[in-house]
Amino acid sequence: MPSARKTSSGPRSGLIFGDLWEFDPAPETADPKLKARYDLFIGGRFVRPRSGRTFDSINPANEAKLAEIALAGPADVDAAYRSAADAFKAWAALPGRERGKYLYRIARLLQDRAREFAVAETLDGGKPIRESRDFDVPMAAAHFFYHAGWADKLEYVAPGRIARPLGVVGQVIPWNFPLLMLAWKLAPALAMGNCVVLKPAETTSITALKFAEILQDAELPAGVVNFVTGAGETGAAVMGHPSAAKVAFTGSTEVGKAIMRQLAGTDRKMTMELGGKAANIVFDDAPIDQAVEGIVNGIFFNQGHVCCAGSRLLVHEPVAGQVISKLRNRIRVLRVGDPLDKNTDLGAINSREQLGRIRRLVASGVREGALMYQPPCRLPERGYYFPPTLFTRVTQSHRIAREEIFGPVLSILTFRTVDEAIEKANNTPYGLSAGVWTDKGSRILRMSTELKAGVVWANTFNKFDPSSPFGGYRESGFGREGGRQGLLDYAHLA
Ligand code: NAP
Ligand code: MG
């Protein structure tokens, strides 16, 4: 239990408990073992970029520079694809149980270095250490374990058919779950026998490059996995490379559409995991306290930088007053501040750019007439922070009800009937996830059939498992990650 002392000086930076209690700092102290400079990982080795260029990765919690990262130009991306193509034949020909051994080894090595990776992830991306320690890193390892288990059972992936690898796969991932998105992408591709060229997001490349050290320790054959770092241009080069058999992208709908336009007319296989604006729906017969915890988890987990965040709360009118009042009380005790502190609930916003986007959308909410509530909370002076925010009196036409904010901001709407809830929930171009809170099993079944979302959680939110496929409808993308379905997206069926 964190120790707390009473203070008469009111709220202090990031350590608020009501207005009365201040928590002692509880910093995580494990050494993240960062290097001052990271090169590209191509052909099993760290190599200087041919582009001759680098960029800085910073810590969003205090704006300090963490490391210098190589910037991959077109020649570097080309070299990565060549090394992956060279490795493909032998990797694909390995018996599945041999590939499985590598995946097990990778999972174990990641577990061995879990604390170090958690600290590195928190430093580079700003998420609370509690989340990187208890969610990101263990889930990343779990994905490798799960897919290790599949590697020697591929004849059961599509009974009666023969599943074969596609070749070299190009992958681009976002900054909200850097290591976990890397695991979601790599593990199924490798289990199936593909080779990979992957680009992490510009603001969060460090754990991918640390992960390359694990691949070396696991003695994964050179070229099976290659990491090229850089920004959007590097991403476009990875997605557009002529020798990619498939591209897998996770990121915004806008960039996903640009990639699809870029690849229109080619026979490239694609999967797209894009944005979301999930409805979290609370009925009057729901267990209200449990629902409030689920709402808080749904929108404030990872500062709301979650594609499937429950960012639109739909509350049944008879309980709206009660739910909103409990939510206001609950978010008063959320602690915002140093992500490395084990008591922190909301860490830093990932980048200055993202903070600007959140501020602009929040300002539009106020301008358009919604009512904003933020608890009293003094934010650290340096770094990028945003307080937990609730909006009531939101209508469906407000930008904050339609656009993905990707921050700790909840838009609250109400409804009277089940049909109205379904109609409002589906009134979005997205369709990634949804939540339903009710005591009635029959209502859960009906809602999960009628909600146009890839995943519908009932009386819970943000639950993940490697065996459970995740993905979207409509502008949230296509293709699945996790489970048998996720593996099939990396296979050619004969
Ligand atoms: P983003 O701007 O689309 O970036 C995603 C990745 O694409 C980054 O690595 C980015 O590089 C790269 N990129 C940028 N322009 C590119 C281009 N023209 N061609 C190829 N790659 C390009 O999205 P983000 O802001 O990082 O991430 C937030 C978005 O991801 C949200 O919309 C969220 O909903 C979505 N997301 C979806 C899922 C899902 O499973 N559906 C999961 C997580 C996140 P740089 O960052 O280096 O510029
Ligand atoms: Mg960073």
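Two residues are taken to be in contact if their C-beta atoms, placed from the backbone, lie within 7 Å. This is a predicted model, in which local features need pLDDT of at least 70 and side-chain atom pairs count only at pLDDT 80 or more, while totals for chains, interfaces and linings use all residues. Residues are numbered from 1 along each chain as its sequence is written, and chains are lettered from A and ligands numbered from 1 in the order in which they are written.

Q: Which residues of H5 does H4 meet?
A: Helices are DSSP runs of H or I with at least four residues, numbered from the N terminus. On the H4 side, the residues taking part are Asp136, Val137, Met139, Ala140, His143, Phe144, His147, Trp150 and Ala151. Their partners in H5 are Leu179, Leu180, Ala183, Trp184, Ala187, Pro188 and Ala191.

Q: How many residues of the contact of H4 with H5 are nonpolar?
A: Ala, Val, Leu, Ile, Met, Phe, Trp, Tyr, Cys and Pro count as nonpolar, Asp, Glu, Lys and Arg as charged, and the others, Gly among them, as polar. By that scheme the contact of H4 with H5 holds 1 charged and 2 polar residues, and the nonpolar ones number 13.

Q: Is H4 roughly parallel or roughly antiparallel to H5?
A: Axes are lines fitted to C-alpha atoms, for helices over the stretch in contact, and angles run from 0 to 180 degrees between N-to-C directions; under 35 degrees counts as roughly parallel, over 145 as roughly antiparallel, 65 to 115 as roughly perpendicular and the rest as oblique. The axes of H4 and H5 (residues 178–192) come within 9 Å and cross at roughly 5°. H4 is therefore, relative to H5, roughly parallel.

Q: How are H3 and H6 oriented to each other, roughly parallel or roughly antiparallel?
A: The axes of H3 and H6 (residues 206–217) come within 9 Å, with a crossing angle of roughly 155°. Phe117, Ala120, Glu121 and Asp124 of H3 make the contact with Ile206, Thr207 and Lys210 of H6. The two helices are therefore roughly antiparallel.

Q: Which helix gives the most to the side of domain 1 that touches domain 2?
A: The protein is divided into domain 1 (37–274 + 473–493) and domain 2 (279–458), with bounds from an automatic or database domain assignment. Their contact takes 19 residues from domain 1 and 24 residues from domain 2. On the side of domain 1, H3 (114–125) and H4 (129–151) are the elements that give two or more residues, and the one giving the most, with 3 residues, is H4.
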